[in-house]
Amino acid sequence: MRYAMGLAMMTIANGAAAQTVDRPFTGPSIGIEAGLLEHHFALEFEEYENDTLVSRYDRYYRANGLGEGVFAGYDIAASRNWRLGVEIAGTAGGRDNRATFEGLVYDQKPKFGVRGTVRAGYVLTPRLMAYGSVGYGGNKYRIRDQIGIGDEFGWGSSFVVGGGAEYRIDRRYGVRMDVKHVDNQTWQAFVGVPIRF
């Protein structure tokens with residue numbers, strides 16, 4: 001009887017281990033992340049001669065700083081190596097981004113950001129997955145405008161593209177490097193700690 005119970009426990013344990021090895025990076029996950037967060041915007045300038053427009057160009061303004069975020073997602077196994085998932089994330093931080101023109105200031109102070117993405121990952125080894133992501137997101141800013149820009153926004157949104165890699169430390173915990181770009185608003189390069197359930 002004792003032998004039979006031991007054999008049954010070994011069978012169950014081996015089955016669970018095989019499941020973990022065959023289908024890593026699946027199920028629900030939550031996590032925290034931090035790293036470099038760049039906020040940027042473009043202003044359009046026009047040059048005139050004798051009331052005639054002679055040139056029009058954009059000038060980008062960028063500010064790099066530290067940022068942080070939280071995320072939650074869910075991944076399924078589409079095949080032995082391919083993973084499909086969804087993720088929502090929130091960010092905060094980064095530096096104020098400022099443009100000055102003849103002593104006047106246009107300033108965007110970042111408050112927070114949100115992103116919603118779908119992703120496709122490929123399991124390179126049982127512990128390492130590379131992935132790409134696309135979606136939609138935006139950022140909320142506090143605006144100080146002394147210049148009088150007509151199309152300023154306190155809230156902006158656009159498409160999101162990104163990618164990264166996740167490494168499993170054990171069945172539940174991992175570490176990832178994630179890069180995302182919200183068009184005409186932010187670049188972020190974050191190191192995160194995903195926890196899978």
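Which residue in β2 stands opposite E33? I looked it up, and the answer is G69.

**Ground rules**

I jotted down that this is a predicted model, where local features need pLDDT of at least 70, side-chain atom pairs count only at pLDDT 80 or more, and totals for chains, interfaces and linings use all residues. Residues are numbered from 1 along each chain as its sequence is written, and side-chain values use heavy atoms, with hydrogens and water left out.

**Entry 1: strand β1 and its partners**

I started with the strands, which are DSSP runs of E with at least two residues, numbered from the N terminus. Two of them pair if DSSP finds at least two bridges between them. Strand β1 covers residues 27-49 and strand β2 covers residues 52-77. I found them pairing in the antiparallel sense, over 23 bridges. The two make a hairpin with 2 residues between them. In that turn, N50 has a positive phi of about 55°.

Next I checked β1 against strand β9 (residues 186-196). This pairing is antiparallel too, over 11 bridges.

**Entry 2: another hairpin**

Strand β4 (residues 97-101) runs antiparallel to β5, and 5 bridges join them. I noted T100, whose bridge partner in β5 is V105. β4 and β5 form a hairpin with 2 residues between them. The turn holds E102, with a positive phi of about 55°.

**Entry 3: the largest nonpolar core**

Which residues make up the largest nonpolar core? I listed F41, L43, F45, Y61, A99, Y106 and I149, 7 residues in all. A core here is a set of buried Ala, Val, Leu, Ile, Met, Phe, Trp, Tyr and Cys residues joined through side-chain atoms within 4.5 Å. Buried means under 20% relative accessible area, exposed means over 50%, and partly exposed is in between (1.4 Å probe, protein chains only). β1 gives the most to this core, with 3 residues.

**Entry 4: rings**

I then went after aromatic pairs. Rings of Phe, Tyr and Trp (its six-membered ring) pair if their centres lie within 6.5 Å; planes under 30 degrees apart count as stacked, over 60 as edge-to-face and the rest as tilted. By this rule I get 4 aromatic pairs.

Why is the pair of W82 and Y122 edge-to-face? Their ring centres are 5.0 Å apart and the planes sit at 70°, so edge-to-face is the label. W82 lies in strand β3 (residues 82-93) and Y122 in strand β5 (residues 104-125), so the pair ties together parts that are 40 residues apart in sequence. W82 is partly exposed at 44% relative accessibility, and Y122 is partly exposed at 33%.

The rings of F112 and W155 have centres 6.1 Å apart and planes at 45°, so I wrote this pair down as tilted. F112 is in strand β5 and W155 in strand β7 (residues 155-168), 43 residues apart, and the pair links these distant parts of the chain. F112 has a relative accessible area of 41%, and W155 has 40%. I also saw that ring pairs link F41, Y61 and Y106 into a cluster.

Two charges sit over rings, a term that needs NZ of Lys or CZ of Arg within 6 Å of the ring centre and within 35 degrees of the ring normal. R168 has its charged end over the ring of F25, 5.9 Å from the centre. R176 has its charged end over the ring of F71, 3.8 Å from the centre.

Is N139 buried or exposed? N139, in strand β6 (residues 128-145), is buried, with a relative accessible area of 1%. Its side chain makes a polar contact of 2.9 Å with the side chain of Q185. Such a contact is a pair of N or O atoms within 3.5 Å; within protein, one must be able to donate a hydrogen and the other to accept it, and residues adjacent in sequence count only if both atoms are side-chain atoms. Leaving out residues up to four places away in sequence, N139 touches several others (heavy atoms within 4.5 Å), among them H39, F112, W155 and Q185.

S158, in strand β7, is buried at 12% relative accessible area. With that sequence cut-off of four places, S158 touches Y136, G137, V182, D183 and Q185.

A130 sits in strand β6 and is partly exposed, with 29% relative accessible area. I noted 10.0 Å between the C-alpha atoms of A130 and D178, which are 48 residues apart along the chain.

Definitions and conventions:
Helix = DSSP H or I, 4+ residues; strand = E, 2+ residues; numbered from the N terminus.
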